[in-house]
Amino acid sequence: MTFTLLIQSILAGLTNGFVYGLIGLGIAVAFRGARIINAMQGDVALIGAVMAYSASVSFGLPMPVGFVIGVVAGGLTGFLVDRLMIRPTLKRRGSEDSLLLVTLGGAFAVSAAVLLYFGRDSYPIPGIGGNDIVDVFDASMRVHAIWLIVISLAVVAALRWFYAKTLVGQALLAASIDPEGALTLGINVGRMRALTFGLGGLVGGLAGVLVAPLINIQYEMGLLLTLKGFAAAILGGLSSPFGAIFGGVLLGLVESLAVVTISSGYKDVVSMTLLIAIMIVLPQGLFGRRGRLGG
Amino acid sequence: MTALARSATAHLWTGMLMVAVLLVWVALPWFLSRSAIDILVFTGIYTIAGLGVSFLLGQCGIVSLAQSGFYGIGAYATAYGTTVLGLPIPVCIVLGMLVSAVIAAAVGVPVLRLSGHFLALATLALAIIAHVLFLELEWITGGTLGIGGIPRISLFGFTFATPFRFYYLVWPSAFALLLAYSLLLRSRTGIALRAMRDAPAAAAVAGIPIASLKVRIFVLSAAVGAFAGSLFAHYVSFISVDSFAIDRAIGFLLIAVLGGVRSIPGTIAGALFVTAAPNYLSRLGDIHPLLFALALIVAVIFLPGGFGGFMANLGAKLSSGGRRPSAPAGG
Amino acid sequence: MSALLEVREVSHRFGGLHVLKGVSFTVEAGSVTGLIGPNGAGKSTLFNIISGFLTPSVGRIVLLGEDATRLGIQHRSRMGLQRTFQTPQVFRDLTVRENLVAGCHRHGRTGVLEAFLGLPQVRREMRDAAIVADAAIERFDLGPYRDVPAGELPAGRQRMVELARAVVAEPKLLCLDEPSSGLSTAEVQILMQVLRRLNEEGMTILLVSHDMELMEITSKMHALCFGEIIASGSLDAMRASPRVREAYLGT
Ligand SMILES: Nc1ncnc2c1ncn2[C@@H]1O[C@H](COP(=O)(O)OP(=O)(O)OP(=O)(O)O)[C@@H](O)[C@H]1O
Ligand SMILES: [Mg+2]
């Protein structure tokens, strides 16, 4: 393997890693605020990407407007997921399994709807800085990918500030850690959950519009993104924004090294095997402690 | 005495009902079009594969999306064995089930230690791995080109070549497996499974080997899934990787959820929906995946017992004539 | 008499919390041994260690002369250990009869494949288990509830189901965690009779409770307080012990 190839694969891994990290971030936000795994996260990103594409390419709106529309669509989807799926399930005392099945169903529904309206083709979407490229040690990187990394880091910082410093952020945390206690403090737990899902949706929509210029939108992309984002989130401890990004980058790097050393065809086999291994060996993440036993 | 007499008449009624169902089942293909029989054949194949998923979910609380993988293993094993190796069909079917069982055991031991979300997503990851492998291991599976010319099953010189004939092969198999799963559920092993679903700590104290039972049921379900896959391969005689993608996994899960995970015969209803709906909706384009997804959501939220649970509730209400089966007083 | 169970220098911590501090005692074969102690003394934790739900930080559990400290729950069950839980753990969706059939699990041999194929020995084992279950239903006065899902029973009956389920497993050592809590006075009397009978039939019983009245059936008692055994002896000796009185009545 040449040096250039190595650098190239590291850059690709880094970029993909931030994408997984952003998806994982959305999962972490929903888990942190509602203790629910949203198996739709990758498909929320798909919605964001599709909306941005429709707005900018089909309707000819300026690119930044398309991006904003994509992000808002993601947020709206998150909110609707809570109102149309999570809330009715909880009201009927659905189990943890039911919640997962419902969001999985939602993921399949989004993918199927995109299939119905867009078909099986994939759609390109221009990125920030168009197709410009910068050189890094003979290897090259899209300007858009650099923006993706910068924006991801900014989102992590913003989320940290939100949870630590704002009243709403703290109320969100209180509502998830101790719903009954929060209720007595006058916190509306249901509204907090909707807010959490909306927030996770915004992050998902952002992930979608940022990833779309790099990988071309395709109706099936959501599920794999969810699983890889989930792996990232678990590595990071499942509820930590920074951890999710870190886990995503790690996963992305391992995956791209596997591509150069094994074969690109087996990329998803590697990442899915990693996901399973992480769940078994590191369920508390890289930084987490072991949970309490017995009872 | 009256209770005894009542149960005797009840038995008589169920017996007569069974005979009626049997007669309808035997006669059905004679009155249906070829395409309708084709749907029923697929219903039978999917019932078999769905049974494994349903039992895992309903009795062990294991959400398995990996069934499409085992279904594929069964199909490819029999396709490769018959067309490339030239082995007899029964040998290939059994081989597929064995390969599936061995893989399920190897994968199940680590993966079934997970529970809840983690387990469900792990099985989804397994389905994706299986799909990629079916695509990449071209020397066995033929990749996107697939494998054609898979021979028809014949028994004592009778070849199950048409939907009409295959109907009489797949349904006895499906009924036999329905019966076997019911026997399993009613055995002490079935009681042990339900016990560990209700209170795992107490089940462990009772000496029920929780981890190994879960793996065994998973292995059984994988073998049954492979059997369904083999039947599928011999029925359509051409298979390709498209038949074993994620939407197949979703379909099997939907069969279980719609049919009612606690109801074994309900699986047939779930399978009928999953096979018939796309057929009648196909002129609207690719709409059935959306319908399946929405059906999954609606069934999980509003019909947690599935068709099977719904019918059982209805039956209980009707037969008790409004009386509720009440707990005896005193104590 | 020989020791059926030996607890040797068992200590346990939950994080920084030192719940058990070098607890040692033995349960003699054929005895009814009592363990009392105020809330949070560490009684249930000790039970979890004895039955295999927890591995002690330090110390050993010797069951029937064999070191069982690291054996699994099911293994100890097969060796003849049964326990109940402080909050009764019945199989809620199973009928009372099915609960007891599940309790008989360790007597059977058949597995998944035999049941799936409908082999005759499966039916035979089921019939045997049903006979045992019906006898226990009779004995524990659960007749009216036979076919009722156990989760629908009142709390006191659920305790009886749990006890019956442990008994049908024919344990050598039966460990009961607060069996009388939630029972009416009349029910406690019945429970005491049942336990006496079981002991007369040869079952060794380890009883955890803070109910002194129930302790009348014990032949030997230990008092656990803040993770340490502060006194051992007969019920009368306990009642007389100033340390026990302080631990109990002082709070
Ligand atoms: N899994 C656990 N993790 C952390 N601390 C625990 C755990 N289980 C018990 N404890 C603590 O250990 C101490 C002893 O608990 P334990 O349940 O053994 O007491 P107990 O004697 O059974 O009390 P009670 O009479 O209330 O049943 C308590 O302070 C309890 O809070
Ligand atoms: Mg206790």
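This is a predicted model: local features need pLDDT of at least 70, side-chain atom pairs count only at pLDDT 80 or more; totals for chains, interfaces and linings use all residues.
**View 1. The largest cavity and the residues around it.** About 70 Å³ of space lies inside the largest cavity. Its lining is made up of T84(C), R159(C), M160(C), E162(C), L163(C), L176(C), P179(C), L183(C) and L191(C). Which helix gives the most to this lining? Helix α6 of chain C (residues 155–168) does, with four residues. Sorted by class, the lining has six nonpolar residues, two charged ones and one polar one.

**View 2. The magnesium ion (ligand 2) and its protein donors.** Two side chains supply the donor atoms here: S44(C) through its OG atom and Q86(C) through its OE1 atom, at 1.9 to 2.1 Å from the ion. The two residues are 42 residues apart and belong to distant parts of the chain. S44(C) is in helix α1 of chain C (residues 43–51), whereas Q86(C) is in the loop between β6 (81–83) and α3 (96–103) of chain C. S44(C) has a relative accessibility of 24%, so it counts as partly exposed. Q86(C) is also partly exposed, because its relative accessible area is 38%.

**View 3. An open sheet in chain C.** Follow the four strands across this sheet and you will meet them in the order β2-β1-β4-β5 (chain C), with antiparallel pairing. The edges are formed by β2 (17–28) and β5 (66–67) of chain C, each of which pairs on one side only. Look next at β1 of chain C (residues 3–14), which is joined to β2(C) by eight bridges in the antiparallel sense.

**View 4. A hairpin in chain A.** Here strands β1 (residues 133–136) and β2 (residues 139–142) of chain A run antiparallel and are joined by four bridges. D135(A) has S140(A) of β2(A) opposite it. What lies between the two strands of this hairpin? There are two residues between β1(A) and β2(A), and F137(A) in the turn has a positive phi of about 45°.

**View 5. Helix α5 of chain B, from end to end.** This helix covers residues 116–136, which makes 21 residues. At 1.5 Å a residue it should span 30 Å, and its end C-alpha atoms are 31 Å apart, so the two values agree. Is α5(B) mostly covered or mostly open? It is mostly covered, with 17 of its 21 residues buried.

**View 6. Helix α2 of chain A and the glycine after it.** The 18 residues of this helix (residues 41–58) reach 25 Å from the first C-alpha to the last, close to the 26 Å expected at 1.5 Å a residue. Of these 18 residues, 15 are buried, which leaves α2(A) mostly covered. G60(A) follows α2(A) and has a positive phi, near 70°.

View 7. You will find A232(A) in helix α9 of chain A (residues 221–235). Its relative accessibility is 0%, so A232(A) counts as buried. How far apart are A232(A) and L22(A) in sequence and in space? They are separated by 210 residues in sequence, yet their C-alpha atoms are 9.0 Å apart.

Definitions and conventions: Residues are numbered from 1 along each chain as its sequence is written. Chains are lettered from A and ligands numbered from 1 in the order in which they are written. Side-chain values use heavy atoms; hydrogens and water are left out. Donors are N, O and S atoms within 2.8 Å of the metal (3.2 Å for Na, K and Ca); water is not among the atoms, so sites may look incomplete. Buried means under 20% relative accessible area, exposed over 50%, partly exposed in between (1.4 Å probe, protein chains only). On a 1 Å grid over the protein atoms alone, a cavity is a set of points where a 1.4 Å probe fits but cannot get out, and a pocket is an open set with protein on both sides within 12 Å along at least five of seven lines; lining residues have an atom within 4 Å of a point. Grid points are joined across faces, edges and corners, and a volume is the space filled by probe spheres set on the points. Ala, Val, Leu, Ile, Met, Phe, Trp, Tyr, Cys and Pro count as nonpolar, Asp, Glu, Lys and Arg as charged, and the others, Gly among them, as polar. Two strands pair if DSSP finds at least two bridges between them. The expected span of a helix is 1.5 Å times one less than its number of residues.
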